[in-house]
Amino acid sequence: FTEDQKSTQSQDEFKLEDLKKLEPILKNILTYNKEFPFDVQPVPLRKILAPGEEEHLEFEEDDEEGGAGAGSPDSFPARVPGTLLPRLPSEPGMTLLTINIEKIGLKDAGQCIDPYITVSVKDLNGIDLTPVQDTPVALRKEDTYVHFNVDIEIQKHIERLTKGAAIFFEFKHYKPKKRFTSTKCFAFMEMDEIKPGAIVIELYKKPTDFKRKKLQLLTKKPLYLHLHQTLHKE
């Protein structure tokens, strides 16, 4: 090659950086299922949310009564670590509570993507009394149940919770078409329900009503959140 030919050849070559810039556009083209023409902008990355945070708090169109039927049993390939906290140190005469979230009953359990539960303790005004915790993504989906089998350590001694406090459980899942995590339903447990052993609690329609003023049951079907409580006292 002459010097001019070499110069022309080097200008025509793709650099690695150029190829990397094309990668998200090519992926978008290959995974897009609509007819031409379409936008070739890179698909935005899924946002990582803080414990209890949601990207959007809008309503879902497919509520429990009108949702699709239960999907087939499925397992989740990815495991999200969650934001669970360890048990507090014990104190003489004080009681700590461990809640095992066993499973939640939902009509369309098999179709929920990356489901997890946000656990919080609120006073009557909806103010947090303890840090908010997220469970890892559920272990598996089976028939009309999403199974968790995970322990939540309540981050305050029971005797120190204010009168009228409640423990909230918000069931959340990812909606790929809208690219955000949404609350599907919620449940709560009041202080007089804290006792050792199994308990099932009712599910309510979103949005989560931390003040417990306007509650609407999610479904008339016998589908609940299944918990098991353990009390620890010195």
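Reply: Setting aside residues up to four places away in sequence, Val200 touches Tyr224, Leu225 and His226, where contact means heavy atoms within 4.5 Å. The model is a predicted one, in which local features need pLDDT of at least 70 and side-chain atom pairs count only at pLDDT 80 or more, while totals for chains, interfaces and linings use all residues. Residues are numbered from 1 along each chain as its sequence is written, and side-chain values use heavy atoms, with hydrogens and water left out.

Val200 sits in strand β9, residues 197-202; strands (E, at least two residues) and helices (H or I, at least four) are DSSP runs numbered from the N terminus. With a relative accessible area of 47%, Val200 is partly exposed, a class between buried (under 20%) and exposed (over 50%), using a 1.4 Å probe and protein chains only. Lys103 is 97 residues from Val200 along the chain, and the C-alpha atoms of the two are 9.8 Å apart.

One of the contacts of Val200, His226, is also in contact with Asn100. Asn100 belongs to strand β2 and is buried, with a relative accessible area of 13%. Its side chain makes a polar contact of 3.3 Å with the side chain of Asn149. Here a polar contact is a pair of N or O atoms within 3.5 Å; within protein, one must be able to donate a hydrogen and the other to accept it, and residues adjacent in sequence count only if both atoms are side-chain atoms. Beyond the neighbours within four places in sequence, Asn100 is in contact with Asn149, Val150, Asp151, His226, Leu227 and His228.

Leu225, another contact of Val200, is one of the residues that line the largest cavity. The structure holds 1 cavity of 30 Å³ or more, and the space in the largest cavity is about 30 Å³. A cavity is a set of points on a 1 Å grid over the protein atoms alone where a 1.4 Å probe fits but cannot get out, and lining residues have an atom within 4 Å of a point. Points are joined across faces, edges and corners, and the volume is the space filled by probe spheres set on them. The lining consists of Ile104, Ile117, Phe169, Glu170, Phe171, Cys185, Phe186, Ala187, Leu203 and Leu225. Strands β7 (166-175) and β8 (180-190) are the elements that give two or more residues to this lining.

Charged pairs come next. The whole structure has 6 salt bridges, each a side-chain nitrogen of Lys or Arg within 4 Å of a carboxyl oxygen of Asp or Glu. Among them, Arg87 pairs with Glu153, their closest N and O atoms being 3.2 Å apart. This pair links distant parts of the chain, 66 residues apart: Arg87 is in the loop between β1 (74-75) and β2 (95-105), and Glu153 is in strand β6, residues 145-153. Arg87 is partly exposed at 43% relative accessibility, whereas Glu153 is buried at 10%.

A salt bridge also joins the side chains of Arg160 and Glu91, at 2.9 Å from N to O. Arg160 lies in the loop between β6 and β7 and Glu91 in the loop between β1 and β2, so the pair ties together parts that are 69 residues apart in sequence. Both ends are partly exposed: Arg160 has a relative accessible area of 41%, and Glu91 has 29%. In a further salt bridge, the closest N and O atoms of Lys122 and Asp128 are 2.7 Å apart. Lys122 is buried at 7%, while Asp128 is partly exposed at 38%.

Asp123 occupies the loop between β3 (113-122) and β4 (133-134). The Asp123 side chain does reach the backbone nitrogen of Asn125, at 2.9 Å. Apart from neighbours within four places in sequence, Asp123 is in contact with Leu129, Thr162, Ala165, Phe210 and Arg212.

For the chain as a whole, there are 2 helices and 11 strands, in the order α-α-β-β-β-β-β-β-β-β-β-β-β. Of its 234 residues, 38% are buried. Among contacts with a separation of 6 or more, 72% are between residues 24 or more positions apart.

How values were computed
1 Å grid on protein atoms, 1.4 Å probe; cavity = no way out; pocket = protein on both sides within 12 Å on 5 of 7 lines; lining within 4 Å.
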